[in-house]
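Q: I would like to learn how to read the packing of helices and the contacts around a single side chain. Could we work through an example together?

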Amino acid sequence: MQYTLMLQDKSTYPRLPISQLRKTMAQSVDRAFASQGYPVTMEQELVLRNLRNCSDISQTDLAALTGQDRNNLSRTVAIMEKKGLVSKENSETDKRYCKISITPEGEKVHDRLWQILEEWRFHLFTDIPVEDLLKFKDTSEKLIANMDRMGKHFSKSRS
């Protein structure tokens, strides 16, 4: 079933099932982790990955890197802290600031999660030509750039 959006100039654009793709992808990754004994979500893996690349980062900066809002990230970090994957340290000078770090256990778990993700990607991309994947990547990057521009435009129009 193909959905289209009609524009004033009669051009048509396909409706992209981005929400369904993201939801299905997250469920698939979560199942892949769980099947190997890791009750970690795709969002939690993303937090671990960013903490490995940027050690000792503020919760605000981590939220920006992962694309999560601060409240959602706060819940995610609390769950991960209970699992021993991350540690959270409040600033003594500014109670609003807290530093998030990956623990040695978190690093060990992330090493295994990365292996699971590599296998998952191998199965995901089976029977899809590399040229198609590169085209999809290029198109996705253009859509992201357009949305960034739109965000700046709409931010100015509200001022």
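Q: Which side chains does a polar contact of 3.4 Å join?
A: Bearing in mind that the model is predicted, the side chains are those of Q68 and T76, which a polar contact of 3.4 Å joins.

Q: Where does Q68 lie, and is Q68 buried or exposed?
A: Q68 lies in the loop between α3 (59-66) and α4, and its relative accessible area of 10% falls under 20%, so Q68 counts as buried. Apart from neighbours within four places in sequence, the residues in contact with Q68 are E43, V47, A63, L73 and T76.

Q: How should I read the packing of α2 and α4, and what is the angle?
A: Two packed helices are described by the angle between their axes together with the distance between those axes. Here helix α2 (residues 42-53) packs with helix α4 (residues 70-82) at an angle of about 85°, their axes being 10 Å apart, which means that α2 is roughly perpendicular to α4. In this contact Q44, V47 and L48 of α2 meet L73, T76, I79 and M80 of α4, and the residues divide into five nonpolar, two polar and no charged.

Q: At what angle do the axes of α2 and α5 cross, and which residues make the contact?
A: The axes of α2 and helix α5 (residues 104-124) cross at roughly 115° and come within 10 Å, and the crossing is left-handed. From α2 the contact is made by E45, L48, R49 and R52, and from α5 by G106, E107, H110, D111, L113, W114 and L117; by class, the contact of α2 with α5 has four nonpolar, two polar and five charged residues.

Notes. Residues are numbered from 1 along each chain as its sequence is written. This is a predicted model: local features need pLDDT of at least 70, side-chain atom pairs count only at pLDDT 80 or more; totals for chains, interfaces and linings use all residues. Side-chain values use heavy atoms; hydrogens and water are left out. Axes are lines fitted to C-alpha atoms, for helices over the stretch in contact, and angles run from 0 to 180 degrees between N-to-C directions. Helices (H or I, at least four residues) and strands (E, at least two) are DSSP runs, numbered from the N terminus. Angles under 35 degrees count as roughly parallel, over 145 as roughly antiparallel, 65 to 115 as roughly perpendicular and the rest as oblique. Contact means heavy atoms within 4.5 Å. Ala, Val, Leu, Ile, Met, Phe, Trp, Tyr, Cys and Pro count as nonpolar, Asp, Glu, Lys and Arg as charged, and the others, Gly among them, as polar. Buried means under 20% relative accessible area, exposed over 50%, partly exposed in between (1.4 Å probe, protein chains only). A polar contact is a pair of N or O atoms within 3.5 Å; within protein, one must be able to donate a hydrogen and the other to accept it, and residues adjacent in sequence count only if both atoms are side-chain atoms. A crossing is left-handed if the near helix is turned anticlockwise from the far one by less than a right angle, and right-handed if clockwise.
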